[in-house]
Amino acid sequence: MTKAAELVPSLQHIQHENGWISREDMIDLSRRLDVPLYHVYGVVTFYPHFRTRPPPKHVIHVCDDLNCRLKHGGNLVKQAEDLARGRSDVEVKPCSCLGQCDRAPAAMIDDWPYAPDSPQALLSLIRDCISEIPVPKTPTIGMKGPWKSDPYPSPEQHYSALKALVTGEAEQQEDRNSEAMKKVLESGLRGMGGAAFPVGRKWEGVLNPRAQAAPARYVVCNGDESEVGTFKDREILRNLPHLVIEGMAIAGAIANATRGYLYVRHEYVEQIDILNAAIARAYQIGALGKDIFGSGKSFDLTLFVSPGGYIQGEGSALMEAIEGKRGQPRNGTEDFGPVARATVRGLFGMPTILNNVESFVYVPAILMNGAQWFKELGVAGNPGLKWVGIGGDVARPQVLEVPHGMTFKEALDLCGGMRDGKKLKAIMPSGPSFGFLPPEYLDARMEFPNKENFGMLAKAGASIGSAAVVFLNEDRDLVDAALSCTRFYRNESCGKCVPCRVGSQKMVDIIEGVLEGTARNDDVEQVERLSRTLYLTSICGLGQVVPKPFESVVKYWGDDPRIARARERTVRLTVNGSGSLSR
């Protein structure tokens with residue numbers, strides 16, 4: 001750990017106190033932390049949450065991504081701008097997904113999330129704010145338990161799995177660790193952030209002699225869910241923070257890691273307060289600290305609040321942010337191979353266990369109830385449970401804790417079916433990353449693909465991924481929906497690699513051309529070549545999935561007149577008056 005690791009929290013403190021970060025603040029921080037001024041400036045100007053000028057009196061950021069756009073038709077931003085017209089002390093602008101998709105539309109008003117479930121109600125709050133009528137910071141109402149993920153009937157029993165692991169005869173500690181690892185491996189638990197890599201195998205990577213010989217090891221929880229339609233971790237952090245903390249501490253105990261970081265997006269203001277309280281309680285009862293439950297083992301946990309940006313959901317970018325750098329994905333050390341993995345060279349260059357919120361939350365129950373118990377909770381050969389966020393045109397958008405492998409139709413039924421009795425037109429199975437699928441995929445299972453279980457979803461080249469499921473009704477314009485998702489990727493590209501930075505804009509241009517009827521005759525055909533280029537040359541997954549939304553629309557709804565017209569257009573070259581060629 002270096003002094004630079006204090007940079008982002010220090011900048012956040014300055015902005016919290018002053019509202020912005022001045023040149024003098026940067027110079028002072030550069031001297032205090034012994035970090036070059038250009039580095040401080042680079043970090044401040046990279047993250048969207050930091051300000052280098054005094055903020056206006058009111059800051060209103062309206063979500064314009066898919067779920068919110070479905071609710072307000074893209075008009076709410078303009079209506080809010082009209083309300084603020086002539087007010088230089090009010091900032092109104094669109095923003096990326098706020099993780100409030102079940103209560104869309106949503107906005108951040110003076111750094112507090114509001115999602116009152118109708119465009120009119122949200123616009124009323126915005127009008128009140130601009131009119132200097134106080135807008136109360138009301139807490140939102142979340143899910144109600146009990147949850148199968150939680151093995152504890154009462155708070156007094158929290159952290160029992162951790163306590164059983166670290167206490168007892170010292171000479172038997174290695175046996176207890178081995179038994180815990182065996183349960184995690186045999187449970188079939190996979191990375192629930194979307195990658196689906198087996199959790200036990202990842203943890204084993206930090207148990208090898210080389211990793212154990214390193215000066216330090218870390219445990220990191222990725223709670224930065226910021227993809228369009230993703231909000232399941234929001235409810236896990238609200239309701240089960242003790243399980244996330246315990247799962248991290250268990251990983252630390254097994255891997256002999258003494259420090260962890262729980263990374264959460266700054267828009268989750270309620271969850272930040274809940275997590276701070278839960279961490280304080282864990283220290284108070286001895287579940288965290290220098291002597292966990294009197295065992296002599298130590299594990300300290302820091303809550304790291306993101307300074308903004310979807311790209312921090314990528315593991316290496318997230319670690320760069322914690323280290324006090326610009327949160328951009330790392331180039332794989334020596335390009336490829338195991339040395340590029342976090343388990344070998346992760347946070348601060350040390351072996352690191354990095355998992356998603358949902359992955360950690362299951363660990364205590366697996367240790368308490370056994371691997372077989374967890375496996376049997378799933379269906380159709382899929383082990384365990386799955387938390388999914390259901391949004392879009394359903395009667396009751398919500399977060400569900402369901403058997404892993406449930407069908408989309410079963411999930412839709414749990415949400416009361418389609419709103420207003422309209423027919424289903426498309427399913428977005430996991431945010432924009434896998435695009436849209438037609439209604440016949442209702443019978444597909446919400447699952448991760450594997451060699452033993454290659455179902456409908458896998459055959460379509462998709463996965464449950466981050467479990468951001470959106471159902472769209474028969475009236476929805478899928479070309480416009482694809483454009484919305486592609487703009488999100490363009491806006492959130494960190495700009496580090498040329499293919500993503502330029503390719504994402506090119507994709508936006510193509511889709512806009514199709515919508516406006518100005519696409520060139522080969523634009524739609526170029527999508528396949530552009531997709532291949534992005535997949536082969538982008539540094540991280542963001543660039544690789546940029547074309548997915550529009551690709552899927554072309555594949556399944558290619559008879560859309562606008563797409564067909566774009567394919568049929570011919571380019572006529574004529575000689576203009578100056579003798580040069582023009583279209």
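Me: Which way do H21 and H22 cross, left-handed or right-handed?
Reply: The crossing of H21 and H22 is left-handed, which means the near helix is turned anticlockwise from the far one by less than a right angle. This is a predicted model, where local features need pLDDT of at least 70 and side-chain atom pairs count only at pLDDT 80 or more, while totals for chains, interfaces and linings use all residues. Residues are numbered from 1 along each chain as its sequence is written, and side-chain values use heavy atoms, leaving out hydrogens and water.

Me: At what angle do the axes of H21 and H22 cross?
Reply: Roughly 160 degrees, with the axes of H21 (residues 498-516) and H22 (residues 523-537) coming within 10 Å. That makes the two helices roughly antiparallel (over 145 degrees).

Me: Which residues of H21 and H22 make the contact?
Reply: On H21, they include Pro499, Met507 and Ile510; on H22, Val527, Leu530 and Leu534 are among them. Contact here is heavy atoms within 4.5 Å.

Me: OK, new topic. Where is Gly495?
Reply: Gly495 sits in the loop between H20 (478-492) and H21.

Me: Why does Gly495 count as partly exposed?
Reply: Because its relative accessibility is 22%, and partly exposed lies between buried (under 20%) and exposed (over 50%), using a 1.4 Å probe and protein chains only.

Me: And what's the average pLDDT of the protein?
Reply: The average is 92, and 96% of the residues score at least 70; pLDDT is the predictor's confidence in each residue, from 0 to 100. Over residues 570-583, though, pLDDT stays under 50.

Technical notes. Axes are lines fitted to C-alpha atoms, for helices over the stretch in contact, and angles run from 0 to 180 degrees between N-to-C directions. Helices (H or I, at least four residues) and strands (E, at least two) are DSSP runs, numbered from the N terminus. Angles under 35 degrees count as roughly parallel, over 145 as roughly antiparallel, 65 to 115 as roughly perpendicular and the rest as oblique.
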